[in-house]
Amino acid sequence: MAMIFQEPMSALDPVFTVGEQIGEAYRAHFPADRKEARQRAIAALTEVGIPAPERRCDEYPHQLSGGMRQRVMIAMALICKPKLLIADEPTTALDVTVQSQITDLLRTLSERTGTALLFITHDLGVVAETCTRMITMYAGEVVEDAPVDDVLMKPRHPYTSGLLRSLPSLSARRSVLPSIPGRVPPPNAMPPGCRFAPRCSYAAEGCQVRQTLMTLGPQHSVQCCRAAEISLPGAVN
Amino acid sequence: MSVRNLRILFPTRDGANTVKAVDDVNFDVFPGETLGIIGESGSGKTTLGRALVSLIKPSEGQVLHQGRDPATLGRAEFRRHRRDYQIVFQDPNAALNPRMTILDSVIEPAEVLKEGNDASRRKNGLAVLSRVGLPRDMADRYPHQLSGGQKQRVNIARVLMLRPKVIVCDEVVAALDVSIRGDVLNLFADLQREFGLTYVFITHDISVVSHISDRIAVTYLGKLMELGSAEDVIERPLHPYTQALLSAEPLPLPSSMRTTRRIVLEGEIPSPISPPSGCRFRTRCPVAQPRCTDEVPAWRELKPGHWVACHFSTADGPPSTNAMSQHNSKQGG
């Protein structure tokens, strides 16, 4: 397993070269001397699309741009050929033109190596472009789990629907933007039943008890007792 | 407001170089409009925003407020003048003194300007808090007791106390959860209608800027690349950078509906310490030509009210790879 984080500058050690840090990840799991580790680091840098990898290998994190540092993180994460790569908001701190390079890279690498990609983000656009399946979480619980294209067209949980509707890119220009009223309950004051009920426009009697994740269709689960009876707006209406 | 040949330069820490944060920018802001300024890192948009409200002095050129240069005003007059040109920042936390109650923070600007007396200031403060949708009992709370969205409303209330003409909004929703941004943006729109405000809305978020702006200015490495009506810039961009920027935005649509071809730019944004010669964008431009290295593109009005800085753009669109190879074969290579 491997993980990459949102802020590459905090995740990389400023006093070691990029090559040493990638090599370290390899040597932690496989017997190898420094020379071999360096060769493997250069190969990893090439795989993530960094030009002049032999030179970059000996540079320090502060000498690289944000996008490059994130590529270094990806190289470090993939060098041991993990089965699972967890990416926690990997593009949030990057400019949008660099973001698309990184999401393309992650998707291509994961397809090529067969590594599963667990992509954590708040950006539904990034999910739409990079992911095949989407899990929506709210207040510590999974509330929906479905293929991306399905959930964007027809979300089955009011929170997922609310998130989609609040996106400015899906609203007519200058129109009033919908939003979800209220706020996420603090951990010490969770509602007894459905945690989203206080903010939900579809809340009813049955929502006051603990909810369970139900299967609605092949591959589509939702935690909402009213899912079968309500029709929710999605990304396209 | 008018910006004329504005240059803002900062020395680097070692003093050996200068960061050309804003480099020869010209545009106007019309009364009552929302001008969106969009750009990525190093574009200079934040520096530009601060210069618009006199928080940063121009190194060269001018920022004019209704034709007057605020730098020429005497101290007392400048202080009175400033109330009309206000700013709201990105981080709602950093903007509020954690040891002052919400109401005290909101009325502080009125105190500084010695407006009214304690009683009238409190009364106005409560009115403006209510206007931004905060209940009466928030007035005596402290910032840590409010959510991010509520704190940002407090910042807006504080600015409204002085009934400004212009508000520069610097990434005002970037730090807020996606699902509550709509509320804050709606509030901005309401206040604009009610008070006849002019906004300069600075952001890196294309979906936000296209939603709320009347006109949009696209910045890159300290210069303007394009300026026009929001609809024109978003639907019919004329500059290759604008085109690439818009195509880079990930759309939350199912794959069958995502039809725009993505233009992936090579490389990364160069440093504003040594920006590329000629056209700043040329190192990443898919259709850069030799002329782009040698000559800074002129700021041309290609359609009424639609300005572009590119040698090869026309009123019909940005230069395309087809058009460029035809152009080259005409030139004989």
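**Note on the predicted two-chain model**

1. Leu221(B) lies in the loop between strand S8 (215-220) and S9 of chain B; helices (H or I, at least four residues) and strands (E, at least two) are DSSP runs, numbered from the N terminus. The phi of Leu221(B) is near 50°, a positive value in a residue other than glycine. Leu221(B) counts as buried because 26 other C-beta atoms lie within 10 Å. The terms are set as follows: buried means 20 or more other C-beta atoms within 10 Å of a residue's own, exposed means 12 or fewer, and partly exposed is in between, with C-beta atoms placed from the backbone.

2. This is a predicted model, in which local features need pLDDT of at least 70 and side-chain atom pairs count only at pLDDT 80 or more, while totals for chains, interfaces and linings use all residues. Residues are numbered from 1 along each chain as its sequence is written, and chains are lettered from A and ligands numbered from 1 in the order in which they are written.

3. The predictor gives the complex an ipTM of 0.81 and a pTM of 0.88. Chain B has an average pLDDT (the predictor's confidence in each residue, from 0 to 100) of 91, and 97% of its residues score at least 70. Where pLDDT is low, the predicted coordinates should not be read in detail.

4. Asp24(B) is in strand S2 (residues 18-28) of chain B and is partly exposed, with 16 other C-beta atoms within 10 Å.

5. The contact between the chains takes 38 residues from chain A and 33 residues from chain B; two residues are in contact if their C-beta atoms, placed from the backbone, lie within 7 Å. On the side of chain A that touches chain B, the elements giving two or more residues are helix H6 (96-113), helix H7 (124-130), helix H8 (148-153) and helix H9 (158-165) of chain A. The largest share of that side, seven residues, comes from H6(A).

6. Helix H3 (residues 34-47) of chain A has 14 residues and reaches 20 Å from its first C-alpha to its last, close to the 20 Å expected at 1.5 Å a residue; the expected span is 1.5 Å times one less than the number of residues. Its buried residues are Ala37(A), Arg38(A), Arg40(A), Ala41(A), Ile42(A), Ala44(A) and Leu45(A). Their cover includes helix H2 (18-27), helix H4 (53-56) and helix H5 (66-78) of chain A. After H3(A) comes Gly49(A), with a positive phi near 80°.

7. The largest nonpolar core has 83 residues, and those with the most contacts inside it are Val106(B), Ala157(B), Val168(B), Val200(B), Phe201(B) and Val218(B). Such a core is a set of buried Ala, Val, Leu, Ile, Met, Phe, Trp, Tyr and Cys residues joined through C-beta atoms within 7 Å. Domain 1 (2-84 + 164-331) and domain 2 (95-158) of chain B both give residues to this core, so it lies between them; the domain bounds come from an automatic or database domain assignment. A second, separate core of 31 residues includes Ala41(A), Leu45(A), Ala75(A) and Leu109(A).

8. Tyr85(B) is found in strand S5 (residues 85-88) of chain B and is buried, with 22 other C-beta atoms within 10 Å. Leaving aside neighbours within four places in sequence, Tyr85(B) is in contact with Val53(B), Ser54(B), His65(B), Pro164(B) and Val166(B).
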